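Me: I am new to this structure and would like to learn how its features are read. May we take them one at a time, with the general idea before the case?

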Amino acid sequence: MKRYLITGASRGIGRELAEKLAAPDVHLLLHGRDTVALSHTRKAVEPQCAKVVLLIHDLATPVGVSDLIAEVGDEPIDLLVNNAGVAVVKPFPEITAIEWEQTVGVNITAPFMLTQHFAPRMSPGSSVVNILSIAAKTGFPNWSAYCTSKFALEGFSQSVREELRDRKIRVINVYPAATDTDIWNHVEGNWPRDKMISPKDVATAVAYALSQPADVALENITLSSLSGNL
Ligand SMILES: NC(=O)c1ccc[n+]([C@@H]2O[C@H](COP(=O)([O-])OP(=O)(O)OC[C@H]3O[C@@H](n4cnc5c(N)ncnc54)[C@H](OP(=O)(O)O)[C@@H]3O)[C@@H](O)[C@H]2O)c1
């Protein structure tokens with residue numbers, strides 16, 4: 001039996017990933033905060049996989065991350081997907097200290113703590129997937145908090161990848177362009193959803209990377225929309 005932990009599995013890319021990775025020999029550990037939305041994910045994946053456990057924790061604080069780690073327990077996991085994320089989008093003078101801290105907490109500290117705890121306990125052949133963004137490589141106006149967090153996670157995961165290479169643990173970094181999910185509901189402005197890629201496209205690419213032979217690492221995946229950058 002394989003154990004897969006996906007953060008932010010209640011909606012968007014995380015939910016699609018859960019659906020894509022569900023299999024009879026897989027025990028899915030699905031994290032989120034919204035219990036109703038997470039139950040919808042459970043309903044969609046339960047018939048396809050061996051077992052589903054829902055983990056409800058706020059990852060904006062280290063205590064929430066520690067609680068999640070404790071609930072997952074000591075048994076090693078075979079896959080960690082650092083997917084949960086927030087986007088505060090506004091001119092940098094308007095970003096509040098709380099918004100900054102939450103962005104750092106969910107987008108950087110949580111993946112750091114989860115990787116630090118789980119990766120050393122993983123067996124060879126296991127994987128860590130980080131859902132970054134094209135905003136991990138390029139700055140955009142009004143996205144300073146988000147870009148800061150994704151650039152930081154990029155540096156962390158590139159370094160950790162090298163530390164884990166000898167142990168045959170793959171670190172797969174994913175850089176989606178604008179993807180049509182709820183994350184855009186709170187972003188001011190007129191964003192053409194029809195030009196965005198879908199969360200299913202992202203999940204399909206991740207599943208492809210994970211399906212490679214254990215000694216092959218498809219390490220970086222950038223997904224763009226042919227409709228052009230937004
Ligand atoms: N959509 C895009 O355009 C896009 C592009 C590139 C990269 N990404 C990245 O893809 C990842 C998934 O985003 P998405 O587009 O699927 O967004 P989404 O639909 O808004 O989903 C975000 C997920 O993160 C969880 N989350 C947010 N804040 C949290 C907190 N404080 N504690 C615990 N969980 C929290 C949410 O859980 P609850 O809803 O249960 O609170 C939800 O499951 C993020 O890392 C995002 O940066 C997105």
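Reply: The general idea is a count of neighbours: a residue is buried if 20 or more other C-beta atoms lie within 10 Å of its own, exposed if 12 or fewer, and partly exposed in between, with C-beta atoms placed from the backbone. This is a predicted model, in which local features need pLDDT of at least 70 and side-chain atom pairs count only at pLDDT 80 or more, while totals for chains, interfaces and linings use all residues. Residues are numbered from 1 along each chain as its sequence is written.

Me: Is S10 buried or exposed, and which residues does S10 touch?

Reply: S10 counts as buried, because 26 C-beta neighbours lie inside 10 Å. Its place is in the loop between strand 1 and helix 1. For touching, the general idea is that two residues are in contact if their C-beta atoms, placed from the backbone, lie within 7 Å. Not counting residues up to four places away in sequence, S10 touches R15, G32, R33, D34, A37, L38 and T41. From C-alpha to C-alpha, S10 and H31 are 7.1 Å apart in space and 21 residues apart in sequence.

Me: How is the crossing of helix 1 and helix 2 read, and at roughly what angle do their axes cross?

Reply: Axes are lines fitted to C-alpha atoms, for helices over the stretch in contact, and angles run from 0 to 180 degrees between N-to-C directions. The axes of helix 1 (residues 12-21) and helix 2 (residues 35-45) cross at roughly 20° and come within 9 Å. Helix 1 is therefore roughly parallel to helix 2; angles under 35 degrees count as roughly parallel, over 145 as roughly antiparallel, 65 to 115 as roughly perpendicular and the rest as oblique. Their crossing is right-handed: a crossing is left-handed if the near helix is turned anticlockwise from the far one by less than a right angle, and right-handed if clockwise. R15, A18 and E19 in helix 1 meet T41, A44 and V45 in helix 2. By class, this contact of helix 1 with helix 2 has 3 nonpolar, 1 polar and 2 charged residues. Ala, Val, Leu, Ile, Met, Phe, Trp, Tyr, Cys and Pro count as nonpolar, Asp, Glu, Lys and Arg as charged, and the others, Gly among them, as polar.

Me: Which residues make the contact of helix 3 and helix 4?

Reply: The axes of helix 3 (residues 62-72) and helix 4 come within 10 Å and cross at roughly 30°. Helix 3 is therefore roughly parallel to helix 4. The contact is made by P62, V65 and I69 of helix 3 with T109, A110, M113, L114 and H117 of helix 4. Of these contact residues, 6 are nonpolar, 2 polar and none charged.

Me: Which residues come nearest to the ligand?

Reply: A residue is near a molecule if its C-beta atom, placed from the backbone, lies within 6 Å of it. Of the 27 residues around the ligand, G8, G12, G32, G85 and T181 come nearest. Helix 1 supplies the largest share of the shell, 3 residues. By class, the shell has 12 nonpolar, 10 polar and 5 charged residues.

Technical notes:
Helix = DSSP H or I, 4+ residues; strand = E, 2+ residues; numbered from the N terminus.
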